[in-house]
Amino acid sequence: MGEIKEIKDLPGIGTQGAEKLFKANYKTLESIAVASPMELMEVAGLGDKTAEKAIKAARDALEMGFETADKIKKRREKIGKLKTGSKELDALLGGGVETQSITEIYGKMSSGKTQWCFQLCVMAQLPVEKGGLNGNVLYIDSEASFRPERVVEIAKAQGLDPEKTLKNVYVARAYNADHQMLLAEKAEQLIKEKNIKLLIVDSLTSQFRSEYIGRGLLAERQQKLNKHMRQLMKMAEINNIAVLVTNQVMERPDILFGDPTTPIGGNVVGHASKTRLYLRKSKGPKRIARLIDSPNLPDGEAIYQITEKGIEDI
Ligand code: ATP
Ligand code: MG
């Protein structure tokens, strides 16, 4: 067997199989390597043995089995830190929003979630020396709340050409939960072609929440959300990009003491998001962000403001 460079080189796949997989949005060896045999059987009609073999071969070709710890260290050294525009917030985050994992911001209406998205759309484009990721942005908008005018205001405040800044943000509207997941799948290809360094999903949960209503559909909703989170996680890790998702909250009537506000999606979303920030509105432009259950940073809060210029220290 020759060297495996693309999908058609995988054992048992060939040109025809590669075409079928391509149509189902499996376009790179990475996408096969992280797929489950079940998925490939469903979308491309592969037999179970063929699917298993193809996945294994893709993983081997990409050296994705066990790896030595020094390699992990090397990969972690590549983690980028995207500055937010507020030193207080950056400090809370241990330097900024990280690449290679999901950062979730949740909070009530008007707490500033979408403003964060606009801000990071701009910050990601800054050179690394200035706290950016020197890259472009993919923006999945499920609430029709993307506002180019705000991106323009924030770009100006950061000394960037507003028109250029807008050209580097690729926006897609997600019309329902399945569509949102499909867009995330399609993102894979764009990430490589367009030097994407930040993927935003605003909001992660609203479509799921409005489609799967009531107890009876909860399990199904959670399964789908879980799949979506895995998808986003893989994308962050494999491509070394930052993934920012926003989440809504609900009031839990069973919590009698303290703040009963809790993010949607339970453990499925909670475990997949490496960094979670709870955003609250304070007086006027003042906002508070609280870091929740970080695996490697102390809990704490940062106070900042949202003005015409975007996110700033007070
Ligand atoms: P939702 O849950 O409804 O999506 P959200 O958390 O996304 O809410 P945002 O849209 O990010 O909320 O925040 C809206 C708030 O941002 C406004 O109430 C206002 O305080 C602030 N804001 C928006 N635009 C500006 C601006 N140009 N200048 C100053 N503050 C602004
Ligand atoms: Mg919003």
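How many cavities of 30 Å³ or more does the count come to? The count comes to 1 cavity.

## Basis of the model

This is a predicted model, in which local features need pLDDT of at least 70, side-chain atom pairs count only at pLDDT 80 or more, and totals for chains, interfaces and linings use all residues. Residues are numbered from 1 along each chain as its sequence is written, chains are lettered from A and ligands numbered from 1 in the order in which they are written, and side-chain values use heavy atoms, with hydrogens and water left out.

## The cavity

The largest cavity holds about 70 Å³ of space. A cavity here is a set of points, on a 1 Å grid over the protein atoms alone, where a 1.4 Å probe fits but cannot get out; lining residues have an atom within 4 Å of a point. Grid points are joined across faces, edges and corners, and a volume is the space filled by probe spheres set on the points.

Among the residues lining the largest cavity are Leu93, Val97, Glu98, Lys274 and Pro295. At least two lining residues come from each of strand E2 (97-98) and strand E10 (273-281); helices (H or I, at least four residues) and strands (E, at least two) are DSSP runs, numbered from the N terminus. By class, the lining has 4 nonpolar, 5 polar and 2 charged residues. Ala, Val, Leu, Ile, Met, Phe, Trp, Tyr, Cys and Pro count as nonpolar, Asp, Glu, Lys and Arg as charged, and the others, Gly among them, as polar.

## The largest pocket

The largest pocket holds about 760 Å³ of space. A pocket is an open set of grid points with protein on both sides within 12 Å along at least five of seven lines. Of the 20 residues that line the largest pocket, Met64, Glu67, Arg75, Glu237 and Ile238 are the closest to its centre. Helix H2, helix H5 (69-77) and helix H12 each give two or more residues to this lining.

The largest share of the lining, 5 residues, comes from H12. The lining residues of the largest pocket divide into 6 nonpolar, 3 polar and 11 charged.

## Around ligand 1

Ligand 1 is surrounded by 15 residues, and the closest are Ser110, Lys113, Thr114, Gln115 and Arg287. A residue counts as near the ligand if one of its heavy atoms lies within 4 Å of it.

A backbone N or O atom of serine 110 lies 2.9 Å from an oxygen atom of ligand 1, and for a backbone N or O atom of serine 111 the distance is 3.3 Å. Lysine 113 has a polar side-chain atom 2.8 Å from an oxygen atom of ligand 1.

In helix H8 (residues 148-157), the residues Arg150, Val151, Val152, Ile154 and Ala155 are buried, that is, under 20% relative accessible area, where exposed is over 50% and partly exposed is in between (1.4 Å probe, protein chains only). The buried residues of H8 pack against helix H7 (113-123), helix H9 (162-167), strand E12 (300-307) and strand E13 (310-312). Just after H8, glycine 159 takes a positive phi of about 75°.

Glutamine 231 is in helix H12 (residues 218-239). Its relative accessible area is 14%, so glutamine 231 is buried. Not counting residues up to four places away in sequence, glutamine 231 touches Met181, Ala184 and Glu185, where contact means heavy atoms within 4.5 Å.

## Residues in loops

Threonine 28 is in the loop between helix H1 (14-23) and helix H2 (29-33). Threonine 28 counts as buried because its relative accessibility is 13%. Leaving aside neighbours within four places in sequence, threonine 28 is in contact with Ile7, Glu188, Gln189 and Lys192. From threonine 28 to aspartate 313 the C-alpha to C-alpha distance is 42 Å, and the two are 285 residues apart in sequence.

Glutamine 100, in the loop between E2 and strand E3 (102-107), has a positive phi near 75° and is a residue other than glycine. At 12% relative accessibility, glutamine 100 counts as buried. Asparagine 195, in the loop between helix H10 (177-193) and E6, has a positive phi near 50° and is partly exposed, with a relative accessible area of 38%. Serine 203 lies in the loop between strand E6 (196-202) and helix H11 (206-211), and the peptide bond from aspartate 202 to serine 203 is cis, with omega near 0°.

Technical notes: Polar contact = N/O pair within 3.5 Å; in protein donor to acceptor, adjacent residues only side chain to side chain.
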